[in-house]
Amino acid sequence: KVGHAIPQEQPATPAKGGALAKLAGMWCNDERFRDWLSDTFKFSCNHPETAAQWIRSTCGVSSRAELDANEVAKAAFMLKVRGPYSKHLLAMGVTA
């Protein structure tokens, strides 16, 4: 019919960072987290981007924003990052 628009396919919207992505971002900017990475995994992690690369690699994502949407990445983050680092903070008497 005349006057009816044909629906156009919308481009995929990139995932926005949720709570886990924001937490990962905060931790990457925290010197205590980077020191923990250096001490625990025996590599020099003195820059937030190095920490972010480690999280992306460890969780199998190309962006921290995927941590909230990708169930496998979320599980990896919880098991390999959040759990161990939270235990470390508790042992140090720091609340996360």
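Is Cys59 buried or exposed, and what is its relative accessible area? In this predicted model, Cys59 is buried, with a relative accessible area of 6%. The protein holds five helices and zero strands, so that its elements, read along the sequence, follow the pattern α-α-α-α-α. Of its 96 residues, 31% are buried, and residues 24 or more positions apart account for 47% of the contacts that have a separation of 6 or more.

**Helix α1**

- Helix α1 is mostly covered, since seven of its ten residues are buried.
- Those buried residues are Leu20, Ala21, Leu23, Ala24, Gly25, Trp27 and Cys28, and they pack against α2, α3, α4 and α5.

**Helix α3 and Arg56**

- Helix α3 has twelve residues and reaches 17 Å from its first C-alpha to its last, which is close to the 16 Å expected at 1.5 Å a residue.
- The buried residues of α3 are Ala51, Ala52, Trp54, Ile55, Arg56, Thr58 and Cys59, and what covers them includes α1, α2, α4 and α5.
- Arg56, which is found in α3, has a relative accessibility of 19% and therefore counts as buried, because the cut-off for a buried residue is a relative accessible area under 20%.
- The side chain of Arg56 makes a polar contact with the side chain of Glu49, at 2.7 Å.
- Just after α3, the backbone of Gly60 takes a positive phi of about 70°.

**Helix α5**

- Helix α5, made up of residues 71-91, has 21 residues and reaches 28 Å from its first C-alpha to its last, a span close to the 30 Å expected at 1.5 Å a residue.
- The helix is not straight throughout, for there is a kink of about 40° in α5, and this kink is centred on Met78.
- Ala73, Ala76, Phe77, Val81, Tyr85 and Leu89 are buried in α5, and the buried residues of this helix pack against α1 (19-28), α2 (31-41), α3 (48-59) and α4 (66-69).
- At the start of α5, a side-chain oxygen of Asn70 reaches to within 2.9 Å of the backbone nitrogen of Val72, while just after the helix Gly93 takes a positive phi of about 80°.

**Cysteines**

- The count of disulfides comes to zero, and Cys28 is accordingly in no disulfide, as the nearest cysteine sulfur, that of Cys45, is 7.5 Å away.
- A disulfide calls for two cysteine sulfur atoms within 2.5 Å, and the sulfur of Cys59 is too far for a bond because the closest cysteine sulfur, in Cys28, is 10.0 Å from it.
- Cys28 is buried, with a relative accessible area of 1%, and Cys59 is also buried, with a relative accessible area of 6%.

**Aromatic rings**

- A search of the whole structure finds eight aromatic pairs.
- In one of these pairs, the rings of Trp27 and Phe33 have their centres 5.6 Å apart and their planes at 25°, so the pair is stacked, the cut-off for stacked planes being under 30 degrees.
- Both Trp27 and Phe33 are buried.
- In another pair, the rings of Phe41 and Trp54 have their centres 4.9 Å apart and their planes at 40°, so this pair is tilted.
- Because Phe41 lies in helix α2 and Trp54 in helix α3, the pair ties together parts that are 13 residues apart in sequence.
- The two members of this pair fall into separate classes of accessibility, for Phe41 is partly exposed, with a relative accessible area of 37%, whereas Trp54 is buried, with a relative accessible area of 14%.
- One aromatic cluster is formed by Trp27, Phe33, Trp36, Phe41, Trp54, Phe77 and Tyr85, and among its members Phe77 and Tyr85 are buried residues of α5, while Trp27 is a buried residue of α1.

Note on methods: Residues are numbered from 1 along each chain as its sequence is written. Side-chain values use heavy atoms; hydrogens and water are left out. Helices (H or I, at least four residues) and strands (E, at least two) are DSSP runs, numbered from the N terminus. The expected span of a helix is 1.5 Å times one less than its number of residues. The bend at a residue is the angle between axes fitted to the seven residues ending there and the seven starting there. Buried means under 20% relative accessible area, exposed over 50%, partly exposed in between (1.4 Å probe, protein chains only). Contact means heavy atoms within 4.5 Å. A polar contact is a pair of N or O atoms within 3.5 Å; within protein, one must be able to donate a hydrogen and the other to accept it, and residues adjacent in sequence count only if both atoms are side-chain atoms. Rings of Phe, Tyr and Trp (its six-membered ring) pair if their centres lie within 6.5 Å; planes under 30 degrees apart count as stacked, over 60 as edge-to-face and the rest as tilted.
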